[in-house]
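This report covers selected local features of one model.

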Amino acid sequence: MDRFGEKVYRLSLSSGCTCPNRDGTIGYGGCTFCSEGGSGEFASDPAPIGEQIEEAKKKIASKTDAEKFIAYFQSYTNTYGDPERLYKLYRKAVERDDIVALSLGTRPDCLGDAVMDMLLKLQKIKPVWIELGLQTIKERTAERIHRGYDLAVFEEAYRRLKVNGFDVIVHVIFNLPGESREDMLNTVRYLSGLKPALDGIKLQMLQILDGTELARAYQNEPFPLMDLESYSDLVADSIRILPKDTVIHRMTGDGPRKLLIEPLWCLDKKRVLNTINRKL
């Protein structure tokens, strides 16, 4: 409200990108937790961007009376591909009067010079937010989930983005296999100490989705998952650690019901948010 002068709402859209961790450039199959939809099951189907935006607005019409929107490209890696094609696509979105900002989910190893130039041109039209899927700072965990890059790559990408004036939002997943509560809080502590300061963060419980490598591993050898109370305590502690100026873009995720194996309590988003608020 303070930034845009009115309520805004994210529209989940599709860029048609894939991911270097899927097409063989880095690996195949993506991160172990990533679904076939590239974590974008709620995005509009690929189509001309104007059609996608109108379809997405219809989908959320019952949830909000917002008239201004953030064009959110979530699935796969939205800076991976021909920068010229991506520029034309994103420009069509940000030039619309009903779009106030562009938010791109991506990887820190997909932000080369040509991509950065493309993003800077877009930023002259509307604010551009870059969402980086870090998930954890623990290198052993990163290898275990096949993230495909080390922490130094994230740090360099973060520095370049902030130098160039972009808002950066970092994704964190709690309860990754083998991580202790202290490991998870250490990731939050690390992010809270970044210079320049982090703009935003998304916190989410690990979701085991059908068809993923993680699901196969879990079914063969189940590992402990937090219950709602434990997760809510962890989120509350994380929020207390973060600087007051860091925007919390997400405190929980309600993944696709048809794919979610565990934890099923994630599906009741209202209950999860109410529990976190009570802890705070």
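## Residues with positive phi

Tyrosine 76 is partly exposed, since its relative accessible area is 26% (buried means under 20% relative accessible area, exposed over 50%, and partly exposed in between, with a 1.4 Å probe and protein chains only). The model is predicted: local features need pLDDT of at least 70, side-chain atom pairs count only at pLDDT 80 or more, and totals for chains, interfaces and linings use all residues. Residues are numbered from 1 along each chain as its sequence is written, and side-chain values use heavy atoms, with hydrogens and water left out.

Tyrosine 76 sits in the loop between β2 and α2 (83–94); helices (H or I, at least four residues) and strands (E, at least two) are DSSP runs numbered from the N terminus. Although tyrosine 76 is not a glycine, its phi is positive, at about 60°. Glutamine 135, also not a glycine, has a positive phi of about 75°. Glutamine 135 belongs to strand β4 (residues 128–135) and counts as buried, because its relative accessibility is 11%. Most residues other than glycine have a negative phi, and most peptide bonds are trans.

## Cis peptide bonds

Lysine 195 and proline 196 are joined by a cis peptide bond with omega about -10°. Proline 196 is in the loop between α6 (181–192) and β6 (200–205).

A cis bond also runs from glutamate 262 to proline 263, with omega near -10°. The loop that holds proline 263 lies between β9 (260–262) and α9 (269–279).

## Threonine 64

The loop between α1 (49–59) and β2 (68–73) contains threonine 64, which is buried at a relative accessible area of 12%. A polar atom of the threonine 64 side chain lies 2.9 Å from the backbone nitrogen of alanine 66. Leaving aside residues up to four places away in sequence, threonine 64 touches Lys7 and Tyr9 (contact means heavy atoms within 4.5 Å).

## Helix α5

Helix α5 (residues 151–163) has 13 residues, which at 1.5 Å a residue should span 18 Å; the end C-alpha atoms are 18 Å apart, in agreement. The expected span is 1.5 Å times one less than the number of residues.

The buried residues of α5 are Leu151, Phe154, Ala157, Tyr158, Leu161 and Lys162. They are on the same side of α5, because they cover an arc of only 125° around the axis, taken from the directions from the helix axis to the C-beta atoms. These buried residues pack against α3 (113–123), β4, α4 (139–144), β5 (167–174) and α6. Just after α5, glycine 165 has a positive phi of about 85°.

Notes:
A polar contact is a pair of N or O atoms within 3.5 Å; within protein, one must be able to donate a hydrogen and the other to accept it, and residues adjacent in sequence count only if both atoms are side-chain atoms.
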